[in-house]
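My notes are below, in the order I looked things up.

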Amino acid sequence: MEYIIHISILISIYAILGLSLNLVVGFTGLLSVTQAAFYGIGAYVTAILLTSTGMNFFLALIIGMAITGVCSLAIGFVLSKFKDDYYALGSFGFNVIIYSIFLNWQSLTRGPLGIPGIPRPSLFGFTFSENVWFLALSIVLLILVYFICRFITGSSFGRVLKSIREDEGAISAFGYRTLWYKLAIFVISAMMASIAGSLFASYITFIDPSSFVLSESIFILAIIILGGLANNKGAVIGAACLILLPEILRFVGFPDDIAAQMRQVVYGVILVALMLYRPQGLIGEYRL
Amino acid sequence: MNNKKTIWITVGVIVVVAVIAIVAFSSGSNKQPAVKQTVKIGLALPLTGGAAFLGESSRNAAQMALSDAGQTKYNYDLVIEDDAFNPAKTATVVTKFVNIDKVSAIITFGSGTSNAAAPINENAKIPRFGLASDPTSAIGDYNFIHWTPPFKEGQLSASEMVKKGYKNVAIVDTNHSGTLAVTNSVKEALKNTSVKIASYDLTNVGDKDFRTIITKIKALKPDIVLVEMFSPEIEIFAKQMKELGVKIPMTSVETFEWSNDPSLFEGMWFISDAKITPSFAEKYQAKFNDGPKPGATYVYDLVTLFINNQEKADHALSPTEMRDSIIKTGYENSPIFGNIQIDKDGFFITNASVKMIKNGKAVLIPE
Amino acid sequence: MDIIPQLILNSIIAGAIYAMIALGFNLIYGTAKFFDLGYGALTAVGGYAVFYFYKTLGLDLYVSILLGVLIVGVIGFIVYKLVYSPLRKRKSSGMVLLVAALGVLTALQAIIAILFTSQFQTLSQNSSSEQVFNILGGAITQTQLVTLIIGFVIMIVIGLVFRYTLFGKAVKAIGDDEEVSKIVGVNTENIIGWVFFIGSAIGGLAGILIGFDTGIEPTMGLSLLLKGVIACIIGGIGNVYGGVLGAFLLAFIENFGIWHISGEWKDAIAFAVLILFLLFRPHGILRK
């Protein structure tokens with residue numbers, strides 16, 4: 001049972017990440033591969049505040065969102081100068097740079113040694129130390145994020161985003177300042193990823209830079225590509241599938257020697273097969 | 001729209017099947033036939049990603065320990081899962097060991113991964129033995145560390161440098177929890193001694209080009225270079241030192257011993273984790289046609305420890321009984337380290353020693 | 001002692017490897033116009049093929065290298081036919097191809113690890129007795145010198161082929177405008193297939209040379225590839241000479257960065273340079 005709760009918590013965290021990235025990639029059509037950096041900033045701010053000042057988790061979560069917001073504003077501004085493949089490549093670069101900062105600013109982050117002993121959240125004297133309660137908290141935050149995403153994508157703001165995706169030239173000809181729209185959604189998305197980071201830090205109680213590498217960003221991207229771009233439900237389904245997949249494969253019974261690498265082969269083949277046969281993902285509304 | 005429905009159903013079916021499979025598996029594993037009882041040991045090792053070469057070596061060592069145990073009263077099942085050296089994945093794997101496999105003891109590989117696992121083990125009351133240089137994961141009653149403490153190695157390394165009359169040392173370090181903990185303790189121990197740190201360079205895991213760092217060091221002319229790198233980086237470093245014509249001697253803490261090609265460090269002294277019996281390395285080499293990598297000895301040692309304690313008992317030990325039995329006896333006659341004490345905080349006390357590479361082999365320097 | 005000559009030589013040695021990677025990548029990108037991440041894994045395929053022929057089977061050195069290069073070329077070609085070609089026919093966007101290439105990279109790396117384990121391997125028979133040359137007050141080994149020479153030879157050959165042969169002109173034409181080339185009767189499918197064969201073979205050769213200089217491991221590809229991509233962007237994407245120029249420039253920046261700052265920031269420096277170039281000179285130094 002604990003195992004299923006654990007997996008469910010991870011799914012909630014990655015569903016939040018998927019939802020947040022879908023705003024940028026699916027709805028606005030900007031191929032960002034730097035979500036793990038914002039996830040990491042949220043996690044590190046929370047971890048540092050909780051372990052060094054004993055601050056309340058929810059306050060730390062909000063401060064984390066604020067700091068992530070400021071960082072993402074700067075990064076989003078630079079990225080907004082790029083298009084298509086170059087946008088992806090630039091966002092790659094920012095992920096590597098932020099990761100290097102986590103790794104090398106050792107007086108703050110303890111570098112590769114990581115930050116252990118991060119406490120679980122507590123509210124009005126109640127501590128979410130049982131995993132069931134932590135799952136409840138994650139799901140509440142997931143639902144909150146989900147409805148914010150649904151509100152955004154259904155609003156007139158969301159419609160502008162979609163038209164930026166379809167034809168940026170046309171929409172700017174109508175007098176929309178597309179730069180501000182792109183920046184706004186980038187920052188909102190990063191702040192949501194920061195929520196996931198705070199949850200992650202407090203759940204695992206330990207973080208180190210290895211959780212926020214480039215391949216983590218690629219994994220989050222794979223979630224929304226599998227689930228379906230520009231579909232909020234798709235992001236949640238994608239997270240569920242990609243977190244469950246390796247777990248199911250654990251029970252398939254590959255020989256010990258090659259089990260781990262076989263999982264990687266299956267993961268790779270699934271990505272290729274999806275692109276070949278269903279590039280809009282399981283229930284997506286937009287093809288890359 | 002119909003299409004969409006099919007997908008929803010597919011996803012639903014996958015999730016349901018997954019949950020049923022997991023639940024069925026977890027309840028099924030409780031009902032073992034009572035013929036010969038099975039004791040499960042969980043190992044969370046990095047089997048994919050950049051650290052896979054370490055995990056593979058530890059997996060080999062665990063299997064070797066099992067086959068070396070020969071005929072046993074109980075069946076032993078090594079449950080080996082990949083955590084890719086990623087703390088979050090370790091948490092998943094350890095949760096699986098605890099809840100699905102119902103293992104009696106767990107081994108985790110690395111400092112960060114051990115930190116992520118520690119609270120889970122404490123909650124579930126299942127003993128976990130981490131191969132970790134950073135001491136932070138030895139929390140509570142169920143978390144142990146089997147790794148020579150870095151501060152001991154650091155002190156010994158520093159006192160050797162003082163004894164040998166070195167004036168200045170250049171340090172080349174790796175951005176990794178294992179090596180950082182060691183070099184930090186060397187730097188700490190060198191404070192207030194006559195040995196000055198001429199330069200300190202940090203490299204990242206996976207770097208292959210150290211020529212500029214070596215060029216820098218060459219110009220500084222230190223008496224000795226302390227190289228804290230894993231294999232293969234350390235061999236590449238030694239090779240590039242040679243290519244650039246730098247003849248400054250090197251030293252290390254542990255890492256020479258793990259090299260695939262110790263002859264690169266012929267005649268150089270270094271600090272080793274305790275008195276590893278040379279037969280282990282030879283046996284491993286013969287069996288897998290490759291030298292053991294860092295961690296392999298500890299894994300071999302731990303699996304043997306579990307088996308020894310279980311064999312002495314008259315029933316399959318519960319995790320808590322396994323822990324108590326290990327704490328009570330300590331570790332007598334460890335095949336690798338001789339007698340080991342386990343202190344009250346959960347550290348296996350193994351002493352550092354000074355060794356030298358002679359004829360391509362690590363040998364102990366007599367006091 | 002003056003360390004500048006050796007520093008310059010170090011940069012040239014590092015640059016030679018980057019240049020090899022950049023040459024193959026640039027050829028593929030210049031023609032097919034997408035970021036072929038799978039190309040990264042092909043460097044490892046080359047290295048391990050030679051490892052198998054030369055060290056396991058004990059074949060002659062040059063025969064092994066020739067076989068290794070051919071095998072990588074063929075695998076590159078097969079991957080193109082199975083994955084990239086159907087996607088390109090369907091006019092999939094660069095992002096779909098990027099994700100598919102990521103799947104190829106993941107699967108190939110894992111397959112190598114299953115076949116050969118993840119242990120680091122060197123290709124040279126006796127690593128510590130390589131001949132070292134002293135040039136201009138610095139040291140360089142035989143393998144490194146060979147790498148440098150091969151890199152320049154390939155660059156010049158590709159340059160000549162582009163300029164003087166029908167095949168080269170067709171490749172250039174496809175790079176400029178695939179549709180138009182098709183209309184004027186160029187067999188684009190065939191020619192792009194050849195480009196994948198040649199480009200992959202160059203990548204494989206780079207992997208082999210790295211195997212003789214330092215060594216090979218299944219996951220060696222991605223970081224090499226990213227360096228190659230950065231080199232191409234700096235020097236001029238799609239431009240044969242540009243990629244090589246960018247490779248040496250990147251190597252100089254990295255090595256002087258290590259000298260003045262510190263080694264652990266190497267990757268961050270490389271990507272910071274990339275972002276600066278994307279911002280201020282997106283077409284690189286040498287325009288196509």
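**Ground rules.** I am working on a predicted model, where local features need pLDDT of at least 70, side-chain atom pairs count only at pLDDT 80 or more, and totals for chains, interfaces and linings use all residues. Residues are numbered from 1 along each chain as its sequence is written, while chains are lettered from A and ligands numbered from 1 in the order in which they are written.

**Chain C, overall.** I looked up the secondary structure and got eleven helices and two strands for chain C. Helices (H or I, at least four residues) and strands (E, at least two) are DSSP runs, numbered from the N terminus. Along the sequence I read α-α-α-α-β-β-α-α-α-α-α-α-α.

Next I checked the dimensions. The C-alpha trace of chain C spans about 60 × 50 × 35 Å along its principal axes. Its radius of gyration is 19 Å, which agrees with the value near 19 Å for a compact globule of 288 residues. That radius is taken over C-alpha atoms, and the globule rule is 2.2 Å times the number of residues to the power 0.38.

I then looked at burial: 60% of the 288 residues of chain C count as buried. Buried takes 20 or more other C-beta atoms within 10 Å of the residue's own, with C-beta atoms placed from the backbone. For contacts (C-beta atoms, placed from the backbone, within 7 Å), I took those in chain C between residues at least 6 apart in sequence, and 76% of them join residues at least 24 apart.

**Chain C against chain B.** How many residues does each chain put into the contact? I got 29 from chain C and 30 from chain B. On the chain C side, the elements giving two or more residues are α1 (4-32), β2 (138-141), α10 (240-260) and α11 (266-280). The largest share, five residues, comes from α1(C). By class, this side of chain C has eleven nonpolar, 15 polar and three charged residues. Here Ala, Val, Leu, Ile, Met, Phe, Trp, Tyr, Cys and Pro count as nonpolar, Asp, Glu, Lys and Arg as charged, and the others, Gly among them, as polar.

**Chain B, open sheet.** I found four strands in the order β7-β6-β8-β9 of chain B, with parallel pairing. Pairing needs at least two bridges found by DSSP between the strands. β7 (196-203) and β9 (250-251) of chain B stand at the edges with a single partner strand each, so one side of each has no neighbour in the sheet. Two bridges join β8(B) (residues 224-227) to β9(B), and I noted Val225(B) with Met250(B) as its bridge partner.

**Chain B, hairpins.** β11(B) (331-334) and β12(B) (338-342) run antiparallel, joined by two bridges. They form a hairpin with three residues between them, and Tyr331(B) stands opposite Ile340(B). β12(B) also pairs with β13(B) (348-349), antiparallel over two bridges, with Gln341(B) opposite Ile349(B). This hairpin has five residues between the strands, and Gly346(B) takes a positive phi near 100° there.

Technical notes: Two residues are in contact if their C-beta atoms, placed from the backbone, lie within 7 Å. A residue is buried if 20 or more other C-beta atoms lie within 10 Å of its own, exposed if 12 or fewer, and partly exposed in between; C-beta atoms are placed from the backbone.
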